[in-house]
Amino acid sequence: MKKYDYLIIGAGSAGCNIAYYLKQCGKKVAIVDKEGIAKGASGAAGAFLSPLPGKKNPYNTLVNSALAFSLDFYEKLIPQAIQKKGVLRVANDNFDKEKLQTNSDASFYDNKKLKNISLNFKYDIDGFFYENAAVLTPKEVCEKLLNGCDFYIKDVQELIFKNGFYIIDDLISTNIILTQGTIKPLVPMPYIDISPIYGVKIDVKTTTKVPFNIHKSISISTNKNDGTVAIGATKQRHDMQNMQCLTTCDKCAFYVNSDEMQIKELLTSANELIELENLEVVNIYKGARATIKSYFPTIGRVVNFDESLKKYPSIKNGTKIPPNLLEYFPNLYIINALGSRGFVLAPYLAKMLGEHILNAAPIPQEISTQKLFYKAARKS
Ligand SMILES: Cc1cc2nc3c(=O)[nH]c(=O)nc-3n(C[C@H](O)[C@H](O)[C@H](O)COP(=O)(O)OP(=O)(O)OC[C@H]3O[C@@H](n4cnc5c(N)ncnc54)[C@H](O)[C@@H]3O)c2cc1C
């Protein structure tokens, strides 16, 4: 039996970041994943890091604070895996010119001004240019975060808690952190209603030099270290009541026989922005990101919904019971629902959760598990 302080289930951006944080704090950490490192949404991610403009609100404030932290974090951790060359955002229906300018330090770049950034830029587009933006190679980042951490391939089916320890086959741990993305959680959490949103990314070889990242309804990256360009989009909501469709599900139309059509769609949209010459598609990745309705991620201790309601049935009628009196699964934590900003948010949230676990630092209410619990309990 191997014994750990923390065992993390799910080796995506969330799991790898919390593993890194706890390891840096001197804890004995292991991480397991049924498929490998960065094989879920994290492997499929375009992994763009960019500001979220628009009228200031709690969500874009969270994202923009996380961005400042994470850019610095990745640059120190693994400078070779991050290309910080800014992003040109071209207006679309969701982000018109006014919104792109609001609450941001972006400036408008017409075609002539874009040529000042890159003399070779010959494409007829314009938009707002944000300097504080980058693209990552997600797998390389996740692997780096797990340096020196024990990693096991395991499909965990249940959590067994006995005499103060969780036991998963031959691994024993005092604490568990669930970072499962869209996969059905290992304990019931009816208050965290996650929908998977599916997306595709392709890596292409091209002789075109793309001087910065470009976002419209799709995202095109600058050339990465190996010269390839990533093109990605996430927009396909899955019509399923329950999340039974796993990322490698061979019955799902999204994953079967649809590559050609999806590549074509991405390339058509990319071509409307910039012509990528001598193009060859070298990889296609598909994945589902976990999102909840409010768009906020959620972190913290895992509330035991049934036991909390059994103890305080009047919560349903709005009686305020302080979070510390709720019932929790022992030593069980979660980071999930990172939405479309998983690589922006994960380092920042991992630090927050780590400080909460180790030093009892408070978690902001809007991202706490308790907030979702109270809301669902009142509805139940
Ligand atoms: C196409 C696409 C493009 C994206 N682009 C961007 C972007 O540009 N910028 C950005 O910041 N974010 C982007 N995202 C979002 C980002 O990828 C996600 O928010 C982030 O990767 C979520 O990380 P995670 O660790 O929560 O989940 P995941 O990466 O899905 O990891 C969860 C892991 O848990 C494992 N697991 C679950 N249950 C078990 C179990 N019982 N036993 C063992 N293993 C288990 C799964 O195998 C999986 O590997 C994109 C997402 C997609 C799909």
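In the predicted model, one aromatic cluster is formed by Tyr 20, Phe 69, Phe 73, Tyr 74 and Tyr 348. The count of aromatic pairs comes to 15.

One of these pairs joins Phe 129 and Phe 212, whose ring centres lie 5.4 Å apart with an angle of 70° between the planes, an edge-to-face arrangement. This pair connects distant parts of the chain, as its two members are 83 residues apart. Phe 129 belongs to strand β7 (residues 127-130), whereas Phe 212 lies in the loop between β13 (195-205) and β14 (213-215). Both partners are buried: the relative accessible area is 8% for Phe 129 and 0% for Phe 212.

A second pair consists of Phe 161 and Tyr 166, with ring centres 4.6 Å apart. The planes of Phe 161 and Tyr 166 meet at 50°, so the pair is classed as tilted. Within this pair, Phe 161 is partly exposed, with a relative accessible area of 33%, while Tyr 166 counts as buried at 4%.

The charged end of Arg 301 sits over the ring of Tyr 328, at 3.9 Å from the ring centre. Likewise, the charged end of Lys 28 is placed over the ring of Tyr 4, at 4.9 Å from the centre of that ring.

In residues 238-247, however, the pLDDT is below 50. This stretch has 16 contacts in the model beyond near neighbours in sequence.

Methods:
Residues are numbered from 1 along each chain as its sequence is written. This is a predicted model: local features need pLDDT of at least 70, side-chain atom pairs count only at pLDDT 80 or more; totals for chains, interfaces and linings use all residues. Side-chain values use heavy atoms; hydrogens and water are left out. pLDDT is the predictor's confidence in each residue, from 0 to 100. Contact means heavy atoms within 4.5 Å. Rings of Phe, Tyr and Trp (its six-membered ring) pair if their centres lie within 6.5 Å; planes under 30 degrees apart count as stacked, over 60 as edge-to-face and the rest as tilted. Helices (H or I, at least four residues) and strands (E, at least two) are DSSP runs, numbered from the N terminus. Buried means under 20% relative accessible area, exposed over 50%, partly exposed in between (1.4 Å probe, protein chains only). A charge sits over a ring if NZ of Lys or CZ of Arg is within 6 Å of the ring centre and within 35 degrees of the ring normal.
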